[in-house]
Amino acid sequence: MLSFSRSALRLPARTVAASVPARSALAPWKSRRLLSTSSRDEGAADITTLPNGLRVASIPAGGHFAAVGLYVDAGSRYETPGTAGHAHLIERMAFKSTAGRSAQEMTSEIESMGGTVMCSASRESIMYQAAVFPHDIERALSVIAETVQSPRLLDAELDMVREQVPWDVADLESKPEMLLPEYLHAEGFKGNTVGNPLMCPIERLNVVTPASVREYMSTWFTPDRMVIAGLGLPHEELVRYVEKHFAQMPSYKPELSSRKAEYTGGSVFIPNEEVPFSHMHIGFEGVGINSDEIYPLATLQMLLGGGGSFSAGGPGKGMYSRLYTSVLNNFYWIESCQAFNYVYNDTGLFGISTSCKPGTEASAFHTILAELGALAFGPNSFGTSLTPRAVSRAKNQLRSSVLMNLESRMVMLEDLGRQVQLRGERVGPMEMSERIQNVSAADVERVASKLLKSKPTIVGYGNAASWENAAESIL
């Protein structure tokens, strides 16, 4: 049976953003040009490792603005019951008072740069990012450096954050599109790693103290767990700035837990009698970022596609995807249906989210599984199987999506920082495109079949009576 829960799970942390109007000696450092296997790929990154272990990465980028980011290998997946919520509160306390500046001086410095400075905490990374004019890159780095190395962490600042968090939780709990993914992770990886809550649990707000935040940062914010990425300025210039502001950080590696993600699967229902539709997420164990199956799985997500039942069509809008042609166009009682794919360092979650009219939950569940089954096992099992034309279209859409996303400077910056953090190098867009192009229909069928062999994770949201009636059929 579906397990019922009325307790609020913590939701994704909201990005905190503030909108604001000579070569160095490389001899003691490890510096290299990481080239793609494709000689045509212009996305290769320059990477320099400082003596204390901090890595500096950059790629050329045109335009009037430059961007820089610090990526710390920390986040909610590494938290324990005793440290739960720290990553979220560190995000909220970013860019406040430091040993060198008051909170007002910090705000004034950020505003005077005329760009965007932000901090966000995810499951596997805490990110400090800035997009400013090139001549302000060093100023942005100095602000980031002070925030991570010498924050004052005043009681008054933490009290202000404690007042904000409950309001954020209450707001986001009313949004199924934000709430259900959190329950999905909590059930899919129950009690471990990426199943940990992103936001600070309400009951821990008064447990976290400035001293515990400082201890958390001293443990996890070490140079070997940091990557600084930059766009729009020469690599040697970026390295010189980083050396000035970060080279003094001591090099040490405390013994830290590196628990591997353990997929558990499971089911949970969150009752809400006020919503007009029933919402459901059906997930399966996916793959990690370094898996060879990441490209076939991404192609499967694009092939399934989906969206809302009322949507402007046109090329690239997903109207030719399987979930549109086979589900949304045929079943009026399904309001929306879309594939999702969460990818982490050593695991992932792949599945389909849907909303439907109350009373049709069981039918929606089996309709979705039938679509996945058709792609995994062919027409003899469920219906229409894969066609070369459909796979080719999905691959072209995926390649287009990758390239269009990388037109955003901040997306490109995060892609660089996170890839170097996780892989130690950057796979450029041309190499990605080639790997996507090499995906075959057999590859897609294989990963779809593998998905369905894992235990499902099912999250339901909506009218309690409808879900009780559907539970027996679904489980």
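This is a predicted model: local features need pLDDT of at least 70, side-chain atom pairs count only at pLDDT 80 or more; totals for chains, interfaces and linings use all residues.

Me: OK, and how much of the protein chain counts as buried?

Reply: Of its 475 residues, 56% count as buried.

Me: What does the secondary structure come to?

Reply: The protein chain has 15 helices and 15 strands.

Me: Let's talk helix packing. At what angle do H11 and H13 pack?

Reply: About 165 degrees, with the axes 10 Å apart. H11 covers residues 388-405 and H13 covers residues 429-437.

Me: So is H11 roughly parallel or antiparallel to H13?

Reply: Roughly antiparallel, because the angle is about 165 degrees and anything over 145 counts that way.

Me: Which hand is the crossing of H11 and H13?

Reply: H11 passes H13 in a right-handed crossing.

Me: And which residues meet there?

Reply: From H11 you get Lys395, Asn396, Leu398, Arg399, Val402 and Leu403. On the H13 side they meet Pro429, Met432, Ser433, Ile436 and Gln437. By class, that contact of H11 with H13 has six nonpolar, three polar and two charged residues.

Me: Switching topic: where does Ser449 lie?

Reply: In helix H14, which spans residues 441-452.

Me: Is Ser449 buried or exposed?

Reply: Buried: Ser449 has 12% relative accessibility, and the cut-off for buried is under 20%.

Me: What is Ser449 in contact with, leaving aside neighbours within four places in sequence?

Reply: Ala376 and Phe377 are in contact with Ser449 once those neighbours are set aside.

Key. Residues are numbered from 1 along each chain as its sequence is written. Side-chain values use heavy atoms; hydrogens and water are left out. Axes are lines fitted to C-alpha atoms, for helices over the stretch in contact, and angles run from 0 to 180 degrees between N-to-C directions. Helices (H or I, at least four residues) and strands (E, at least two) are DSSP runs, numbered from the N terminus. Angles under 35 degrees count as roughly parallel, over 145 as roughly antiparallel, 65 to 115 as roughly perpendicular and the rest as oblique. A crossing is left-handed if the near helix is turned anticlockwise from the far one by less than a right angle, and right-handed if clockwise. Contact means heavy atoms within 4.5 Å. Ala, Val, Leu, Ile, Met, Phe, Trp, Tyr, Cys and Pro count as nonpolar, Asp, Glu, Lys and Arg as charged, and the others, Gly among them, as polar. Buried means under 20% relative accessible area, exposed over 50%, partly exposed in between (1.4 Å probe, protein chains only).
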